[in-house]
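Biologist: I am new to this one. Could you put it up and take my questions in turn?

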Amino acid sequence: MRKSKIFIGVTLAEVLLLISCFLFAFTQQTTGRQLELQARQELVQSLGLTDFAIWTEARYTRHPSQTDFFSPFQEFPSAFEHFPAGSVVAPVFTAGGRTR
Amino acid sequence: MIKHLKIIDYALASLFRRKYKSLAIITAFTLVVAALASILLFSSALKTEAAHLLDSAPDLIVQRTTGGRHDLIPAEYTEKIKDIAGIGAVTGRYWGYYYDPLTGANYTVQGTDGTAKNLELLDGRLPADRGECAIGAGIAAIKKTGTSGELILVNSSNTGVLYEVVGVFRAASSLLTNDLIILANEEVIDFFGYPPGKATDVAVQVYNKNELQTIAGKVKKLLPDTRPITKSELVRTYDMVFNWRSGLMLTVFSAAVIAFCILAWDKATGISADEKQEIGILKAIGWDTADVLALKFWEGLIIALTSFLLGTIAGFVHVFFLAAFLLAPVIKGWSVVFPEFHLTPHLDPYIVFTLGFLTVTPYVASTIIPAWKTAITDPETVMRG
């Protein structure tokens, strides 16, 4: 078989794999994980949760949406960040319509 | 068509002749695309998850601020907020942080009023009485306890308090509950020694979601020492946190982009003497400049397309099937209790097309340009070097 046909076949297989990733994601969103998502929404509603429990080392990383504006700079303005997560969670200015 | 198939045949044979070099380029290129795809898919899945989940969060959270810092909110504030038109239930929330010196981990202690029905993602039940608690999977693992087990915490008076674990949140909810300790509201008040009649903050139900901003404004006007946080602000916070512009994401993203630029630059600044000679010979035996360009185009496309497709698929598998195990330690920071990511698969065509456009196009262009420069030179000069 010609090399070009093998290449086209392999590329088509890769494209099909990518399309199946799309379809998998789509079905998971619509049916597969729908129940799990509803259960998580129920959890958020029942417990009144506001933030993800990803970074637990500081107030402003555990609850980025609830923190005051000064928390990420607790020592003094422009002090070096203490926590590595602070490089992911930048201070968020939301109240009063201020945005970064 | 047949001509192009033959050119592809030749291009593949040419790539096979330099198989180690081609393999090295495909591997490096695939890794760069996989890194970029992982970051983009991971942050986009977290943003989507935040938008879906936080839609069920309280409509409005009202905090009291004193001296620019979050302070406990008095019960009379609740009464004043209730008087604003368009507001439903106003509930005080009791929560705080607990540092466990034994494990070096921080936990979030949150109160419940006991009215919540049993939850699907909770093995067991929520605490209904004092002396009971429900905990996240992260705490259960680090404290080596479980349903019907015990949890000892030290309260604000430095006295050890023993709780019976009546529920453990399932791993599927770890993103929300990993570090949570749920106690009855009265228990939280006693545990942290909160003064009577004060809550941590207040959750407000707003009937008409379009009025959220107006009501937040009214609360701020009525109680100037408060900070109202609307639900849309919660979602916006996570939009910003997981935006590709945000700190670490940008750092990893830029590193991958720079690596790719070096790869493309190396290709663009020149081709090897062997390749130049090959082009010279092809021209000498009668190939047109257009044929040589078509050959180089296919060579570039074969490498770029294969790497792009493999990299994107690898990124998808890494994030959604392998729980982003390579990204997680980078994102973890100093967290002791860190959740597993059970993200709902999400593949945005926009991300795939952007990734394709930003990687395939420059690579193919950088392959063609030096080849074109060589192809327009006299074959004899090229072959003589």
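Biologist: In which helix of chain B is the place of A290(B)?
Modeller: This is a predicted model, where local features need pLDDT of at least 70, side-chain atom pairs count only at pLDDT 80 or more, and totals for chains, interfaces and linings use all residues. Residues are numbered from 1 along each chain as its sequence is written, with chains lettered from A and ligands numbered from 1 in the order in which they are written. Helices are DSSP runs of H or I with at least four residues, strands are E runs of at least two, and both are numbered from the N terminus. On that numbering, A290(B) sits in helix α11.

Biologist: What distance separates the C-alpha atoms of A290(B) and I376(B)?
Modeller: These two residues are 86 residues apart along the chain. Their C-alpha atoms are separated by 9.9 Å.

Biologist: Is S173(B) buried or exposed?
Modeller: S173(B) lies in the loop between β10 (160–169) and α5 (174–177) of chain B. Within 10 Å there are 27 other C-beta atoms, so S173(B) is buried.

Biologist: Which residues does S173(B) touch, not counting residues up to four places away in sequence?
Modeller: Contact means C-beta atoms, placed from the backbone, within 7 Å. By that test, S173(B) touches R40(A), L43(A) and L121(B).

Biologist: Against which elements of chain B do the buried residues of α2(A) pack?
Modeller: The buried residues in α2(A) are R40(A), L43(A), V44(A) and L47(A). They cover an arc of only 95 degrees, taken from the directions from the helix axis to the C-beta atoms, so they sit on the same side of α2(A). In chain B they pack against α2, β6 (105–112), α5 and β11 (180–184).

Biologist: What is the end-to-end reach of helix α1 (residues 2–17) of chain B, by its C-alpha atoms?
Modeller: The expected span is 1.5 Å times one less than the number of residues. For the 16 residues of α1(B), 22 Å is expected. The reach from first C-alpha to last is close to that, at 23 Å.

Biologist: Which elements do the buried residues of α1(B) pack against?
Modeller: Buried in α1(B) are I7(B), I8(B), A11(B) and L15(B). They fall within an arc of 105 degrees, so they line one face of the helix. The face turned away carries exposed residues, including K3(B) and R17(B). The buried residues pack against α2 and α11 (289–320) of chain B, and against α1 (3–32) of chain A.

Biologist: Which residues touch the most other members of the largest nonpolar core?
Modeller: A nonpolar core joins buried Ala, Val, Leu, Ile, Met, Phe, Trp, Tyr and Cys residues through C-beta atoms within 7 Å. The largest one has 113 residues, and the most other members are touched by C133(B), I135(B) and I181(B).

Biologist: How far apart do the C-alpha centres of domain 1 and domain 2 of chain B lie?
Modeller: The bounds come from an automatic or database domain assignment. Domain 1 is 2–53 + 242–384, and domain 2 is 95–193. Their C-alpha centres lie apart by 48 Å.

Note on methods
A residue is buried if 20 or more other C-beta atoms lie within 10 Å of its own, exposed if 12 or fewer, and partly exposed in between; C-beta atoms are placed from the backbone. Two residues are in contact if their C-beta atoms, placed from the backbone, lie within 7 Å.
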